[in-house]
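Hello,

Here is the structure I promised to pass on to you. Please have a look at it first, and then read my notes below.

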Amino acid sequence: MTSSEMSAIASSLLLPLGSTCGKSPSFTPPQSILVDKFRRLVVKVESSETRECTTAMFNANSRRNFLRLALGVSGLFIGSLDASAAGLPPEEKPKLCDETCEKELENVPMVTTGSGLQYKDIKVGQGPSPPIGFQVAANYVAMVPSGQIFDSSLEKGQLYIFRVGSGQVIPGLDEGILSMKVGGKRRLYIPGSLAFPKGLNSAPGRPRVAPSSPVIFDVSLEYIPGLEVDEE
């Protein structure tokens, strides 16, 4: 055996398993196949997980975005209602003193009684004044100092009938009506001591009246049941 033949045999032992002398390797080691398959499997799993995670994240984000949108729209809707209620003029309500009356009232002198009650006559009546203990029929619009109405016989659509001077109403209203005449209109500025000692709770569209806080009443004395009025 020549030296060249021995070299060829020795070199063939260094080739990968399954190869033949003088040819390129035609068999990939099982380890390589396993590694390659494992890598492809990992890629598939990662891709699948990525898609699943992406889908899950998209669904979750979509739900969150939908909820945020719904809450945002409802918030805007409610906010617009609140803004309308707070920013726009209040709903027009029947009053005993309109804008013209308000301007004229600025020039009417204020009368203050010994109890602290104050009043301005919008219109002086021509009829009799009610005797203590008699029933009176009156209209009224009750307001807090800011002008917000918290009670009104005009809105109820009926006259308020009570026995004057007998404690059926707050002291300021009792005193204010006693010195009026039938057909007259008056604005009463009632101090807290003559108003509502326990206050009044708020209601939809109605402001709260704090305990012993001042209030304003516009009052018109319509008639005195049982007391005839002479007509000329």
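**Salt bridges in the model**

R187 pairs with E102 in a salt bridge, and their closest N and O atoms are 2.7 Å apart. R187 belongs to strand β6 (residues 185–190) and E102 to helix α3 (residues 99–105), so this pair ties together parts that are 85 residues apart in sequence. Please keep in mind that this is a predicted model.

How accessible are the two partners? R187 is buried, because its relative accessible area of 8% falls under the 20% cut-off. E102, with a relative accessible area of 32%, is partly exposed.

Why can such pairs form? Side chains of opposite charge can pair when their charged atoms come close.

Now for another part of the chain. R206 forms a salt bridge with E155, with 2.6 Å between the closest N and O atoms. R206 sits in the loop between β6 and β7 (215–223), while E155 is in helix α4 (residues 153–156), so the pair ties together parts that are 51 residues apart in sequence. R206 is partly exposed at 25% relative accessibility, and E155 is partly exposed at 31%.

Salt bridges with shared partners also join E102, R187 and D218 into one network.

D151 and K156 form a salt bridge too, their closest N and O atoms being 3.1 Å apart. Here D151 is partly exposed, at 24% relative accessibility, whereas K156 is exposed, at 52%.

How many salt bridges are there in total? The count comes to 5.

Enjoy exploring the model!

Best wishes

Terms used: Residues numbered from 1 in each chain as written. Predicted model: local features only at pLDDT ≥ 70, side-chain atom pairs only at ≥ 80, totals over all residues. Heavy atoms only, no water. Salt bridge = Lys/Arg side-chain N within 4 Å of Asp/Glu carboxyl O. Helix = DSSP H or I, 4+ residues; strand = E, 2+ residues; numbered from the N terminus. Buried < 20%, exposed > 50% of the residue type's maximum accessible area, 1.4 Å probe, protein only.
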